[in-house]
Amino acid sequence: MAKAITQGAAVCDDVSLCENAGRSGFLLERMRHHLKFTLARHWEGATQHNKYISLALAVRDVAACRMMRTHGTYAEQKARRVYYLSLEYLLGRLLRNNLVNLGLYEDCRASLASIGENLGQILEIEPDAGLGNGGLGRLAACYIDSAATLEYPVYGYGIRYEHGIFEQRIENGWQIENPEYWLTYGTPWEFVRPEFATVIRLRGRVEHGTDATGRYRARWVDFNTVAGVPYDIPIVGYANNTVNILRLWSSRASSAFDLQKFNLGGFLEAVQDKMLSETISKVLYPADETERGRHLRLVQQYFFVACTLADIIRRHEREHDTLDNLPDKVAIQLNDTHPSLAIAELMRILVDERDMPWEQAWEMTRAIFAYTNHTLMPEALEVWPVYMFERYLPRHLEIIYEINQRFLQTVEARWPGDDGHKRRMSLIQEDTPRSVRMAHLAIVGSHAVNGVAEMHSDLVRTDLVPDFAALWPERFTNVTNGITPRRWLQACNPELAAAITRRIGTDWLYDFERIRELAAHADDPEFQEEFRQVKRANKQRLGHLVLRNMGVTVKNDALFDMQMKRLHEYKRQLLSILHVVMLYHELLDTPGSRVPRVVFYAAKAAPSYYRAKLVIKLIHDVASTINRDQRINEHLRVVFIPNYRVSLAEEMIPAADLSEQISTAGTEASGTGNMKFAMNGALTIGTLDGANVEIRKAVGEENFFLFGLTADEVAAARPRHDPGQIYRSHEAVRRALDAIADGRFNPAEPSLHRQVHDWLIREGDHYLLMADIASYADAQCRVETLWKDQAAWTRAAILNVANIGFFSSDRSVKEYAERIWNVEHIPVGNDTTL
């Protein structure tokens, strides 16, 4: 099946396909064509999966025509291009999004309905392309969507993981990880490009000498090789002719088979190299708690950047006869530290392979690269042991040493005799084992370094890398994250999008800042009622999903309170479930004292992150107790929906009333879930962390439930924080923690959750849950006060939607294009002769 999908019927073999794409019923005709000639099935005997594949191929036909036209235009104009390097792309499902962006959704739905088919059911067949771990990958997907919509020549590059983010199952409350198989039956969206396969080097050693002119030369010799085969996924712009590409690399053995070993009976040995090579792109983020896992992860990162840079230079040299203009035609954005090796790799290519003087190569490299930082936690900044470089990338280690030596001369000139600055800023960390600091390499090798929210960017400059900011203040900037309103409002919440359009027209679909015009309708009782009806319908759909999959009944008129994100201690899901226990006790003491509430969680914990997995177990144990307790009369329900993914978020977010953005202030870089919830009419309860700061300012302080310490207060409180004193003085908190620690939510293992009590009381409470719990509980009381006045709540929800326009990824990408990439948009015409 996979072969049939990826090598389907010829696409765009005449101009009629492009010309007829907008004709009513066209997609249904193409769908029948692919069902018959690509899948060899009659309609009467076709499965839902057959129908999904044939429809996706029909849509791909249209996208492919525009894709060829787009890249023909770029080549004809010899355009300056941007290359977005990210190890993660959390794409989710593509069919609905592509139908919306191509303007074909309604015609497709109507055409299928006319023959008794339901488009919604077909859309549900598509598996999520989970090539990412969380917000980083989803942000990358939003940005390449916006770049195509804004007609910027931006190419995404990543890895075609055979298994993306794991599939989460829950057994007895514990997270169980299963492999994710998004490629089990192939994917209809990709085009394999074997003609652009690239061979990269690993291992070996470096020989030093001189050439015939007496010039120094380094030669990487005795290396092994691995091949990278590119697969292209069309990235469709909204309501235009631009279709960019996301190119994903799949690893292959450079020579697939040792026939001599096979003939001598060494059957496994004959294919060993093939299996080892293909392991590189097998799994998203191999577990790095083992030595082998860390080795594989470094190799994976180099494989990615080496294939990508070879491809970029190949494309450049197809249009230009020199590399001297490379900085004029190429901009490369590093999405976090994972692709930082690209800096050393480009230097290797320019100096070793193209005989360019070091100074010229370095000037070009710094002009080409820009780096986005996504973390405030020093421990999350990647470092790789020197011995791993010695084993796999010996020449790159030499290049990094040379970069570092020259850079430290700059540090010495700025701070003469100051060894402290040299030690802190060096690319080499002199601990045991000696390591390469990848974030430092990214900063030194880039002309621009940006954070992803105003607060985050300030903290990068003042707390994370203050020495670098002092050395190069002009290099540091901010680009606040954004999300695409096409997927996160128009596609996932079509009823709300339609209601907005009826009030303010369609301009907001093209210029999301125009959504502010909705504010004029915030006090309109008729629109408020329509807004509530849309929310009620979304909650009803989610309620059916919960009943069907988890067997839990929820009341649609209850407050839907949601926390959906990667599970980490700093994101403080534990704070939320501790408050749930407090609510439970209050309802037991005073039935009916709180408004009906359903608390939803969706989160995955890293497989080796025990504390996060224990929090998931605690949530399930608390949910099991509360949901079976008839005494609280359905005033409180707790639901953990497993296997969080993009398609699940698209079901949950439109149904949310309250968005939990409760990380410890100063820990979250930005967050984008906060933006998605607000865009769909949920109010936020949150700390002054990440993009919460800007969201609160945009939507109005009165429409945001603020609590907790500020980042400055967190820093001041940590040295003197006494969680035990809070525990002793706050009766409701003490009662909740005692119930958790004493096993009342897990009688079969009464001591299991004692650890949670110890984390918070005995082990210091690093993320200051105890310091914020009283403020959090007070904010939740304010939530309920406003909830009781539905007109006031709805007004605040509408104003959240109306004032969220700044947080579109279109605005973010435009800022990158104008301030960092220096690239112009290139409209693609309607010429169908390409």
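## Core, a helix pair and a buried histidine

Of the 288 residues in the largest nonpolar core, the ones touching the most other members are Ile332, Phe389, Phe407, Leu542, Met562, Phe600 and Trp821. Helix α4 (residues 48-77) is the top contributor to this core, giving 12 residues. Keep in mind that this is a predicted model.

Let's zoom in on Phe389. Leaving aside neighbours within four places in sequence, Phe389 is in contact with Leu298, Leu341, Trp384, Pro394, Leu397, Ile400, Val436 and Met438.

Next up is a helix pair. Two packed helices are described by the angle between their axes and the distance between the axes. For α14 and α17, the angle is about 95 degrees and the axes sit 9 Å apart. Angles of 65 to 115 degrees count as roughly perpendicular, so α14 and α17 are roughly perpendicular to each other. Here is who makes the contact:

| Helix | Residues | Contact residues |
|---|---|---|
| α14 | residues 341-353 | Ala344, Glu345, Met347, Arg348, Asp352 |
| α17 | residues 394-414 | Arg395, His396, Ile399, Ile400 |

By class, that contact of α14 with α17 comes to four nonpolar, one polar and four charged residues. Ile400 of α17 is part of the contact with α14, and Ile400 also touches Phe389.

Finally, a look at His757, which lies in helix α34 (residues 754-761). Is His757 buried or exposed? With a relative accessible area of 7%, His757 is buried, because buried means under 20%. Not counting residues up to four places away in sequence, His757 touches Tyr727, Leu737, Asp738, Ala741 and Arg762.

Key: Residues numbered from 1 in each chain as written. Predicted model: local features only at pLDDT ≥ 70, side-chain atom pairs only at ≥ 80, totals over all residues. Heavy atoms only, no water. Axes fitted to C-alpha atoms, helices over the stretch in contact; angles between N-to-C directions. Helix = DSSP H or I, 4+ residues; strand = E, 2+ residues; numbered from the N terminus. Parallel < 35°, antiparallel > 145°, perpendicular 65-115°, else oblique. Contact = heavy atoms within 4.5 Å. Nonpolar A, V, L, I, M, F, W, Y, C, P; charged D, E, K, R; others polar. Core = buried A, V, L, I, M, F, W, Y, C linked by side-chain atoms within 4.5 Å. Buried < 20%, exposed > 50% of the residue type's maximum accessible area, 1.4 Å probe, protein only.
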